[in-house]
Amino acid sequence: MELSAFFRSITEQDRSAVVVCDLEHTIIYMNPAAVKRYGNRGGASLVGRNLLACHNTRSGELINEVADWFRRSKDNNIVFTGYNKKDNMDVYMVAMRDEEGTLIGYYEKHEHRSLETAKAYDMG
């Protein structure tokens, strides 16, 4: 089986939103959690649209600054972009690189700060 199927499954099962963009800021993928999270902004219909159109001018400038920083060095790969108090999560932009380390895109990553409430190994 092709490795990409495994990676796709990882994002499909993730409860946190994952939005993947190419270097022109076109949204090329949203996992189901992202489609749900951004449902009031268009959900799945956002795929194929420019991410910058979904943000105000200042946010667009910051996204461009981060993308430029990613381009400057193969070592520049993750930036904390803010804390979402309402959902108690940190938000990051993460570089995506090919086998040679060339920047091919980026994604938005959410990390929840809340402790898990499920019981360990509870499959019921």
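**The sheet and its helix**

Guide: Happy to! Keep in mind that this is a predicted model. Let's begin with two strands: β1, residues 18-22, and β5, residues 103-112, run antiparallel and are joined by five bridges.

Now look at another partner of β5. Strand β4, residues 89-97, is joined to β5 by nine bridges, and these two strands also run antiparallel. Gly105 turns up again here, as the bridge partner of Met96. Another pair links Val94 to Tyr107 in β5. The hairpin of β4 and β5 has five residues between the strands, and there Gly101 takes a positive phi near 90 degrees.

With those pairs in mind, step back to the whole sheet. Five strands make up an open sheet with antiparallel pairing, in the order β2-β1-β5-β4-β3. At the edges stand β2 (27-30) and β3 (78-84); each has a single partner strand, so one side of each has no neighbour in the sheet. From one strand to the next, the twist averages 20 degrees.

Next comes the helix. α3, residues 57-72, lies across β3, β4 and β5, and runs at about 45 degrees to β4. With 16 residues, α3 reaches 23 Å from its first C-alpha to its last, close to the 22 Å expected at 1.5 Å a residue.

Which residues of α3 are buried? They are Gly60, Ile63, Val66, Ala67 and Phe70. These residues cover an arc of only 125 degrees around the axis, which means that they sit on the same side of α3. Their cover includes β3, β4 and β5. On the other side of α3, Thr57 and Arg72 are exposed.

Finally, let's see what gathers inside. In soluble globular proteins, nonpolar side chains tend to be buried together. Here the largest nonpolar core has 17 residues, and those with the most contacts inside it are Val19, Ile27, Met30, Tyr38, Phe70 and Tyr106. At least two residues of this core come from each of β1, β2, α3, β4 and β5. The largest share, three residues, is supplied by α3.

Key
Residues are numbered from 1 along each chain as its sequence is written. This is a predicted model: local features need pLDDT of at least 70, side-chain atom pairs count only at pLDDT 80 or more; totals for chains, interfaces and linings use all residues. Side-chain values use heavy atoms; hydrogens and water are left out. Two strands pair if DSSP finds at least two bridges between them. Helices (H or I, at least four residues) and strands (E, at least two) are DSSP runs, numbered from the N terminus. Axes are lines fitted to C-alpha atoms, for helices over the stretch in contact, and angles run from 0 to 180 degrees between N-to-C directions. Contact means heavy atoms within 4.5 Å. A nonpolar core is a set of buried Ala, Val, Leu, Ile, Met, Phe, Trp, Tyr and Cys residues joined through side-chain atoms within 4.5 Å. Buried means under 20% relative accessible area, exposed over 50%, partly exposed in between (1.4 Å probe, protein chains only). The expected span of a helix is 1.5 Å times one less than its number of residues. The arc is that of the directions from the helix axis to the C-beta atoms.
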